[in-house]
Amino acid sequence: MRWVVTGAGGQLGRCLVRCLAAESRHSLAAAPTHAELDLTDRPALRALLERERPDAVANAAAFTWVDRCETEPELAHRVNAEGPGLLAEECARRGIQLVHVSTDYVFDGQAKRPYTEEDPTGPRSEYGRSKLEGELRVGTALPSALVLRMSWVFGPGRNFVATILGAAHARSAAGDVAPLRVVDDQFGSPTYAGDLAVWILRLVEGGASGLYHVANRGVATWWEVAREALDRGGFSGIAIERVATSEFPRPAPRPAWSALECRRADAAGLHRRGWREALAAYIESD
């Protein structure tokens, strides 16, 4: 299959580009970054698809600065909702398979068990609302599209694990023995972007369409992810203080519960390793 990957500068986009380069059954036609392609520019979209004539498009482009979405809702809506909708329309006209990436933020974060694809949505942030609107627009324009919700992604680039390890390096270099402070009352499904890239290819190969939740196995708090990252990264001597979300007030509310149930992915035969194993693979590959 011949692919176009949008949002190629992000964590998932980078992993998709690497994964496609290593696959004999797939090839990469183009991988524009956000700076190179505005999804709301329909003429540019049409030109890209006409020039490259892909079999599939993976849309990893998104405005993911959650707090900025609160102060720039128009931009969030344009990138996360309007752009995916236009892309879906153009893919539908050409018979191109579309994979669109969404998020756990479409839920209200108040559940006590992992969310399934059938659970009602109820986003509490502009980011979540814009991403949910993107899902709806994609599904309306191209019902055969594959929409994937994921949570707590880490991979090459900006992410929580990289931030924690960067802070550990800085403290070790400075001889700072003060503990890090990390939230321990938010729960999610930590997921490696490298695994997500592989899952996307396997799902498309299997003819999957509709809505799927995809995540590494297991549920953790941010404190547990930080502790595992420090231990795996050689910083087991650095202490971490458990703190409440209320001690870090932010413009956008963070979901207390973001864990995803992945029954459809399991039924499709995806190999989902545990998040600790995936985290170790990320640290070793970085």
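Visitor: Is aspartate 266 buried, partly exposed or exposed, and at what relative accessibility?

Guide: This model is predicted. In it, aspartate 266 has a relative accessibility of 28% and therefore counts as partly exposed, since that class lies between the limits of 20% and 50%.

Visitor: Which side chain does aspartate 266 meet in a salt bridge?

Guide: Side chains of opposite charge can pair when their charged atoms come close. Here the partner of aspartate 266 is arginine 217, with 3.3 Å from N to O. The two residues belong to distant parts of the chain, 49 residues apart: aspartate 266 is in helix α9, and arginine 217 is in the loop between β10 and β11. Arginine 217 is partly exposed at 41% relative accessibility.

Visitor: How many salt bridges does the count come to?

Guide: The count is 30 salt bridges. One of them joins arginine 181 to glutamate 241, with the closest N and O atoms 3.6 Å apart. Arginine 181 lies in strand β7 and glutamate 241 in strand β12, so this pair ties together parts that are 60 residues apart in sequence. Arginine 181 is partly exposed at 38%, and glutamate 241 is partly exposed at 34%.

Visitor: Which residues do salt bridges with shared partners join into one network?

Guide: The network consists of Arg42, Arg46, Glu50, Arg53, Glu89, Glu90, Arg93 and Arg94.

Visitor: What describes a pair of aromatic rings?

Guide: Such a pair is described by the distance of the centres and the angle of the planes. The structure holds eight aromatic pairs. In one of them, the ring centres of phenylalanine 154 and tyrosine 282 are 5.4 Å apart and the planes stand at 55 degrees, so the pair is tilted. Phenylalanine 154 belongs to strand β6 and tyrosine 282 to helix α10, 128 residues apart. Phenylalanine 154 is buried at 3% relative accessibility, and tyrosine 282 is buried at 3%.

Visitor: What are the distance and the angle for phenylalanine 160 and tryptophan 222?

Guide: Their centres are 4.6 Å apart, with 50 degrees between the planes, and this pair is tilted. Phenylalanine 160 lies in helix α6 and tryptophan 222 in helix α8, so the pair ties together parts that are 62 residues apart in sequence. Phenylalanine 160 is partly exposed at 25%, while tryptophan 222 is buried at 18%. Ring pairs also bring Trp152 into a cluster with Phe160 and Trp222.

Visitor: Which arginine lies over the face of tryptophan 223?

Guide: Arginine 242 does, at 3.6 Å from the ring centre. Another case is arginine 158, which lies over the face of tryptophan 65 at 3.8 Å.

Visitor: How many residues of α8 are buried?

Guide: Eight of the eleven residues in α8 are buried, and the helix is mostly covered. Among them are Trp222, Trp223 and Leu230. The buried residues pack against α6, β7, β11, β12 and α10.

Technical notes:
Residues numbered from 1 in each chain as written. Predicted model: local features only at pLDDT ≥ 70, side-chain atom pairs only at ≥ 80, totals over all residues. Heavy atoms only, no water. Phe/Tyr/Trp six-rings, centres within 6.5 Å; stacked < 30°, edge-to-face > 60°. Helix = DSSP H or I, 4+ residues; strand = E, 2+ residues; numbered from the N terminus. Buried < 20%, exposed > 50% of the residue type's maximum accessible area, 1.4 Å probe, protein only. Lys NZ or Arg CZ within 6 Å of the ring centre and 35° of its normal. Contact = heavy atoms within 4.5 Å. Salt bridge = Lys/Arg side-chain N within 4 Å of Asp/Glu carboxyl O.
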